[in-house]
Structures are given as C-alpha cells and as structure tokens.
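Subject: Structure handover

Hi there,

Here is the structure I promised to pass on to you. Please open it alongside this email.

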Amino acid sequence: MALLRKINQVLLFLLIVTICGILYKKVHRGTVLRNKTDDDSETPEDMEDEIPVVICAAAGRMGAAMAAINSIYSNTDANILFYVVGLRNTLSRIRKWIEHSKLREINFKIVEFNPMVLKGKIRPDSARPELLQPLNFVRFYLPLLIHQHEKVIYLDDDVIVQGDIQELYDTTLALGHAAAFSDDCDLPSSQDIHRLVGLQNTYMGYLDYRKKTIKDLGISPSTCSFNPGVIVANMTEWKHQRITKQLEKWMKKNVEENLYSSSLGGGVATSPMLIVFHGKYSTINPLWHIRHLGWNPDTRYSEHFLQEAKLLHWNGRHKPWDFPSVHNDLWESWFVPDPAGIFKLHHPSS
C-alpha cells in the first residue's frame, strides 16, 4: 500500500512538471509571436521609406509616361514604387515596354483603371475631346488605387523631372489638408517666359459664373487657380474628407447644369478640383512645377531658368513628342524607345 502511494506521488509530481513545462512553452511561444507581430507592425514604417508615384500610361501617349518614369528614376537614390495606371487593353503593352527596355530595373506595379466608374459623370461636349479620356480622372480615385501608403505623388504623363523626387515628396502639407498643388499665380516673371497670351490663372477661366450654382459657392472669380498635374496627397485626409465623393458630386452637377467655363476648351478634370479644394490645400515649391511648355509653340523659357527647374510640364496642346513644340530636346533626352515600335516621335520634315 505504501509502495502504491509512493508511485502515485511520483506520477503526480511528473504530471505537475509536465504541465508546468507545457505552460512555459506556451507562454514563451506567445511572447515570440507577439514580438513577431510587433516586428510586423513596423512594416508600415518601413514602407514610409518607399515613395509611391502614380502616373498614367494612355495608349496613344505611352511614351510620355515612360520618359517621365525614366527622368524620375535617373535623378534620385530614393526607393521609388511606380504605380503605372492603364486601361485593360494596354496593360500587357505597358509591362512589355518596361521589362524590355532600360526601365526593367524599376520597382513598379501596373494598375488597371475601370472607366465604368465615370459613367454618367462626364459631359461629352468638350471642345478638347482628349481631356475626356478616362485616365484624366485617375487623380480623383487615388485611395481606390493606392491602399497602403499614407502619402502619394501623382504626376501627369507630360512631365520631366530634373530634380530629386524626394524633395517633392517631402513637401509639407498643413494640418487638415489632403493635397498640395502649384498656384497658377506663381508664374515666372516676363523675362523668363514670353507669349503666354490668353493664359487663364483664375477661377473665372474654369467655372461659369453665369450659373447660380457657381455664384452660390461664394468664390471670387479672381481667385488664383491651381494646377492638378502635380499633386502631393495625404491619403488619410483624402479618405477622411471623402474627397473622391465630393469630386464625383461636382462631376454629376456639371453633367446636369454645364457649370464649367468653355474659355479653356474644357477644364473637365481641373474644375471640380478647384471647387472641392478651394482654400484647403498646401502649395508646392514653384520650381517643382514649371508648366505651360505646351501652351504655345512660340513660348520659350530662358535656358538659365530651365536649368534651375526641378520639374517641367508640357501642359497644353503642343506636346514635346509631337510637332510643333518647344524645348523638346529636354524631353527627348529621357525618351525610352518603344520595344514594339508603335510609339514614334514626330519631327519636322528636313
């Protein structure tokens, strides 16, 4: 009997030791998992070192996007992640151009934009039909395309970056501001640029102030406009303020009431942004958005000014891959030939 009691005590002791061992392992393993989770939680911080740049690659002007990407990648040591946005029928061509050219080393994601989101939101009567292309409205939907980044750069395809894109990314956005743009009143002095006759730089050039809906906004027609071809955006604020929904509201209102001015031949993407962001945006260093190079084929900047510029934008009808255009030598130095041979530069006949 005494022997049986001793055996039971030994077995009980061993059971207790075993249970303690199991509990220790569970606690220890739980600590390791929490540590691992803590390490994983640092991933978003690590991603802050990555600069997301959104740029569209439309079928007829894909060479523009590739030149812009080349200029950005070549002028920085920063870790750039390019979001190249296209329509479904162009995605394979975008990938081929990147992977079969000098751009094969870049870090990129190809994103499909579904033009169905624009159904019922665009008037078809613009004097410049090219401004109605679906990809012109990608900038309205940045949070739907970019999910894991707090801060994003959006660029039009007809730009060349001569500076380090890190500087643009470091643009300070004021508290409560969802985006930063370039004011149209920060144009260079007359000694740097000539023949910008007819250029609009106020809200009057974009909104039809004869319409009651526009008058009721209470925005002075002489208010300085801004250019949304270069945007530094805060995704948290953008989503919090429901910027996309606001833009869509004004797109629909324009379809119903034709609210935009016709003086620019169609400011279809700019006009709703002017309304939604009025008085609620930060500003970009003027050298980071030297624009209107495509305004007039006779418009020329001084060479000194062009050398100091961080970003050049050929907004307007006269693109640097076409003829006539100005300062196209600066653009062509970044051109990446099309592996498929479809996109070609147009030069004057010799």
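First, some ground rules. This is a predicted model, where local features need pLDDT of at least 70 and side-chain atom pairs count only at pLDDT 80 or more, while totals for chains, interfaces and linings use all residues. Residues are numbered from 1 along each chain as its sequence is written, and side-chain values use heavy atoms, with hydrogens and water left out.

The sheet

The order β3-β2-β1-β4-β7-β6-β8 describes an open sheet of 7 strands with mixed pairing. Here strands (E, at least two residues) and helices (H or I, at least four) are DSSP runs numbered from the N terminus, and two strands pair if DSSP finds at least two bridges between them. β3 (107–112) and β8 (282–283) stand at the edges with a single partner strand each, so one side of each has no neighbour in the sheet.

With β7, β4 runs antiparallel and is joined by 5 bridges, and here valine 152 has alanine 233 of β7 as its bridge partner.

Is β4 buried or exposed? 5 of its 5 residues are buried, so the strand is largely enclosed by the rest of the structure; buried means under 20% relative accessible area, exposed over 50% and partly exposed in between (1.4 Å probe, protein chains only). In a regular strand the side chains alternate between the two faces of the sheet. In β4, Lys151, Ile153 and Leu155 point one way, and Val152 and Tyr154 the other way.

Helices on the sheet

Helix α3 (residues 62–74) lies across β1, β2 (79–86) and β4, at about 160 degrees to β1. Helix α4 (residues 91–99) lies across β2 and β3, at about 170 degrees to β3. Axes are lines fitted to C-alpha atoms, for helices over the stretch in contact, and angles run from 0 to 180 degrees between N-to-C directions; contact means heavy atoms within 4.5 Å.

From its first C-alpha to its last, α3 reaches 18 Å over 13 residues, close to the 18 Å expected at 1.5 Å a residue (that is, 1.5 Å times one less than the number of residues). The helix is mostly covered, with 11 of its 13 residues buried, among them Met62, Met66, Ile69 and Ile72.

The cores

A nonpolar core is a set of buried Ala, Val, Leu, Ile, Met, Phe, Trp, Tyr and Cys residues joined through side-chain atoms within 4.5 Å. The largest has 50 residues, and Met66, Phe82, Ile153, Leu155, Ile165 and Leu168 have the most contacts inside it. α3 gives the most to this core, with 8 residues. Another core, of 47 residues, lies apart from it and includes Cys56, Leu135, Leu207 and Tyr260.

Leucine 168 touches Ile153, Leu155, Val230, Val232, Ile284 and Trp288, leaving aside residues up to four places away in sequence.

Aromatic rings

Rings of Phe, Tyr and Trp (its six-membered ring) pair if their centres lie within 6.5 Å; planes under 30 degrees apart count as stacked, over 60 as edge-to-face and the rest as tilted. The count comes to 13 aromatic pairs. In one of them, phenylalanine 181 and phenylalanine 226 are stacked, at 4.2 Å centre to centre and 20 degrees between the planes. This pair links distant parts of the chain, with phenylalanine 181 in β6 (residues 179–183) and phenylalanine 226 in β7 (residues 226–234), 45 residues apart. Phenylalanine 181 is buried at 0% relative accessibility, as is phenylalanine 226 at 0%. Elsewhere, ring pairs link Trp97, Trp321, Trp331, Phe335 and Phe343 into a cluster.

Backbone details

The peptide bond from phenylalanine 323 to proline 324 is cis, with omega near 0 degrees, and proline 324 is found in the loop between β9 (311–313) and α12 (328–332). Histidine 327 lies in the loop between β9 and α12; its phi is near 55 degrees, a positive value in a residue other than glycine. Histidine 292, in the loop between β8 and α11 (303–308), has a positive phi of about 70 degrees although it is not a glycine. Histidine 292 is buried, with a relative accessible area of 4%, and histidine 327 is buried too, with 2%.
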